[in-house]
Amino acid sequence: MLGFAGEVPEPGDYVLRMLGRDEVVVVRGEDGEVRALHNCCTHRGTRLCRASLGNTAHLRCSYHGWTFANDGRLVGVPALRSGYPPDFDRTRHDLPTARVACRRGFLFATWDTEAPALEDYLGEIAWYLDAILDCGAGEWEVCGPPQRVRTKGNWKIPTDNFAGDGYHMRTTHQIALDQGIYGDTLADGTRGRAGTDLVAVNIATPAGHSVRAGYVVESGLSLEDRDLTAPQYPGYPPERWAELTAAQTPEQVRFTSHCEVAHGVVFPNTVFLSVAHDRAVGEDTDPLTRYLVVRSHVPVSARETECLYWTLAPTAMDTEWRRRSYRFQARTQSAGGILFEMDDFENFARIDAALARSAPGRGGPVDLTLGVGRSTPARGFPGPARAEVATLSEHNQRAFYQRWSTLMGELP
Ligand code: FES
Ligand SMILES: [Fe+2]
């Protein structure tokens, strides 16, 4: 995933992103189409564009001055007539352009001309993304350019965490729980609002995509006991619930109602999180607020990852609410997040350091059996793909690594 169409709304708007190992200029042409152009001059390979975002009609190479239109066509070659052979064909030197597909503002791209269409690639995960986006009236704004941070460790480490790691909450994030980020710390040391339990459902697709959704239900009750005649959407103001979810199908209501947190992976390296937090820091008096963050975990090398974070906010909510939602995200799950992110990155760096020191061939101390034989199928769950109820499970991580290892096994 390269980013969002909303980042380049006007002709000439561009952002620089990575597509595999190649840098691309994601640019909206004068014709309104968004393209991903290889950021590499076709004359001798100079990096063309160096600003991470901007607006331009042309890309002019700093070496010999070849100039490309913002649709990738080579339109200017100094000394073309006086210096080049008469049969020099400018059109053979246009910038390589990746296949780009846009779905609900998300921009995806690939160099692979044989790759399936985006909708087929996403498969069942599209239903869950739609359900999350439709809970919020459907139209979302991207809050500013993405935040970026480089973290030590392989891209799979933070990605498997996002797939479904509820297990680390009580150890890694105890400080966040103590701060009351999900309500009060209860007598037994767990978190939450008194009288409620968090019930999690894990959904993984054969393509390695996954979602983990956590529901707030009255203590002792199950998921099926939620009162769906009066759906609840924690993190949005109750007086707006009906309007924000008016376009939802009954199945989407069953997925999103009472849902405090939903996070997951669009295989391989896009992750998302929609979550309602009580407070961003201990003494905040802000009301319970939801945010949606989408992240890309871009490999820099086998041992380093660049994370890009985009916060999305429903345009149906007013500016003040959207700012607050962005602030909650920025204070917790961001490059400067004082709670979750710093805790997680510390662990990821330790994994990297320990594995890098181990003797070659030893392999990693990797266990993914949490939840095996302990989950129950989520009866009557509305979405596609297999859904299992288990608050602690590595069901989704198993699907992620299975898909990854299948693909690695197919490499020539
Ligand atoms: S390398 Fe770009 S014009 Fe020569
Ligand atoms: Fe975490």
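**Helices, domains and core of a predicted model**

Helix H9 (residues 319-332) comprises 14 residues and reaches 20 Å from its first C-alpha to its last, close to the 20 Å expected at 1.5 Å a residue, where the expected span is 1.5 Å times one less than the number of residues and helices (H or I, at least four residues) and strands (E, at least two) are DSSP runs numbered from the N terminus. This is a predicted model, in which local features need pLDDT of at least 70 and side-chain atom pairs count only at pLDDT 80 or more, while totals for chains, interfaces and linings use all residues. Residues are numbered from 1 along each chain as its sequence is written, and chains are lettered from A and ligands numbered from 1 in the order in which they are written.

Among the buried residues of H9 are Arg322, Arg324, Tyr326, Phe328 and Arg331; a residue is buried if 20 or more other C-beta atoms, placed from the backbone, lie within 10 Å of its own. Their cover includes strand E18 (270-277), strand E19 (289-301), strand E20 (304-314) and helix H10 (340-357), with contact meaning that C-beta atoms, placed from the backbone, lie within 7 Å.

On the level of the whole chain, an automatic or database assignment gives domain 1 (3-119) and domain 2 (124-409). The contact between them takes nine residues from domain 1 and nine residues from domain 2, although the domain centres, taken over C-alpha atoms, are separated by 34 Å.

The largest nonpolar core has 84 residues, of which Leu2, Val25, Val26, Ala36, Leu107 and Ile132 touch the most other members; such a core is a set of buried Ala, Val, Leu, Ile, Met, Phe, Trp, Tyr and Cys residues joined through C-beta atoms within 7 Å. Helix H3 (residues 125-134) gives the most to this core, with seven residues, and the core draws at least three residues from each of domain 1 and domain 2. Leaving aside neighbours within four places in sequence, leucine 107 is in contact with residues including Met1, Leu2, Phe4, Val26 and Cys102.

How values were computed: Two residues are in contact if their C-beta atoms, placed from the backbone, lie within 7 Å. A residue is buried if 20 or more other C-beta atoms lie within 10 Å of its own, exposed if 12 or fewer, and partly exposed in between; C-beta atoms are placed from the backbone.
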